[in-house]
Amino acid sequence: MSDSVLYEVSGGLATITINRPDAMNAMNTEAKVALRDAARAAADDDAVRAVLLTATGRAFCVGQDLKEHIGFLMTDREAGTGQTMTTVKEHYNPIVRAIAGMPKPVVAGVNGVAAGAGFGFALAADYRVVADNAKFNTSFAGVALTADSGVSWTLPRVIGPGRAADLLLFPRNISAQEAYDLGIANKVVPAAELAEEAARVARTLAEGPTLAYGALKESLAYAAGHTLDEALDKEDELQSKAGRSEDHTIAVRAFIAKEKPEYLGR
């Protein structure tokens, strides 16, 4: 794993940390590959029951590293190719698919500015704990680009299509408080408490009924693009599987005994 993205697993929790603080965690090629590989590793590891995605320094992630990007653009123009923009297919799409699609909860600990693709990574997570000095910005139109990193799908589902269009057409900084009011942030905490609180939320989920969380993610994603009848059938399918899990039996026994359940994730 590259030093630009740190990866650690402990007690069922995988912590992925974007680590380019001097560049405000802008995504150069090395960081994009490392984040993609870390997200896939967490998704594929049965020992991982929850994921915390966070960053070092004063920014969460400001999106594409434009200093690297302009060099690639100039090379493309000279060669008459369009290789630079294949990064969406090769890097950003797989990152978002891994975060949003893994059958386990992902918490984003947003410690600072989340812009462009960084905003997209945070939106792809299931729960966002946000520092009170953090800001969000779609950024794309500001550099004459359209949305990527799943933002065209996630943002309108979080705040509604009208507000999403406003933020995409007229990029601006969104404060932590406004992000909370819009539903982008699930919890806002003092910046000094962000690391501890985000880790606490993620550890709580790692100790929970992993299969049920995975089914909840699948159910919500499925319902977003299907009819009520189809969603009801999907709920029946997923609930039947959850009901056969060891975790469900453990939970019911613990409830009857008035004890705290100790889930196995199966």
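The crossing of helices α4 and α5 is left-handed. This comes from a predicted model.

Helix α4 covers residues 117–124, and helix α5 covers residues 151–159. Their axes lie 9 Å apart. The packing angle is about 60°. Angles from 65 to 115 degrees would count as roughly perpendicular, and those under 35 as roughly parallel. The two helices are therefore oblique to each other.

Which residues of α4 meet α5? On the α4 side they are F119, G120 and L123. Their partners in α5 are V151, T154, L155 and V158. By class, this contact holds five nonpolar residues and two polar ones. Charged residues are absent from it.

Now turn to the other partner of α4. Helix α3 runs over residues 87–101. It packs with α4 at an angle of about 20°, and the axes are 8 Å apart. An angle under 35 degrees counts as roughly parallel, so α3 is roughly parallel to α4. Is this crossing left-handed or right-handed? The crossing of α3 and α4 is right-handed.

From α3, the residues in contact are Y92, I95, V96, I99 and A100. They meet A117, F121 and A124 in α4. This contact has eight nonpolar residues, with no polar and no charged ones.

Taken together, α4 packs with two helices. Residues F119, G120 and L123 of α4 meet α5, while A117, F121 and A124 of α4 meet α3. The α5 crossing is left-handed, and the α3 crossing is right-handed.

Terms used
Residues are numbered from 1 along each chain as its sequence is written. This is a predicted model: local features need pLDDT of at least 70, side-chain atom pairs count only at pLDDT 80 or more; totals for chains, interfaces and linings use all residues. Side-chain values use heavy atoms; hydrogens and water are left out. Axes are lines fitted to C-alpha atoms, for helices over the stretch in contact, and angles run from 0 to 180 degrees between N-to-C directions. Helices (H or I, at least four residues) and strands (E, at least two) are DSSP runs, numbered from the N terminus. Angles under 35 degrees count as roughly parallel, over 145 as roughly antiparallel, 65 to 115 as roughly perpendicular and the rest as oblique. A crossing is left-handed if the near helix is turned anticlockwise from the far one by less than a right angle, and right-handed if clockwise. Contact means heavy atoms within 4.5 Å. Ala, Val, Leu, Ile, Met, Phe, Trp, Tyr, Cys and Pro count as nonpolar, Asp, Glu, Lys and Arg as charged, and the others, Gly among them, as polar.
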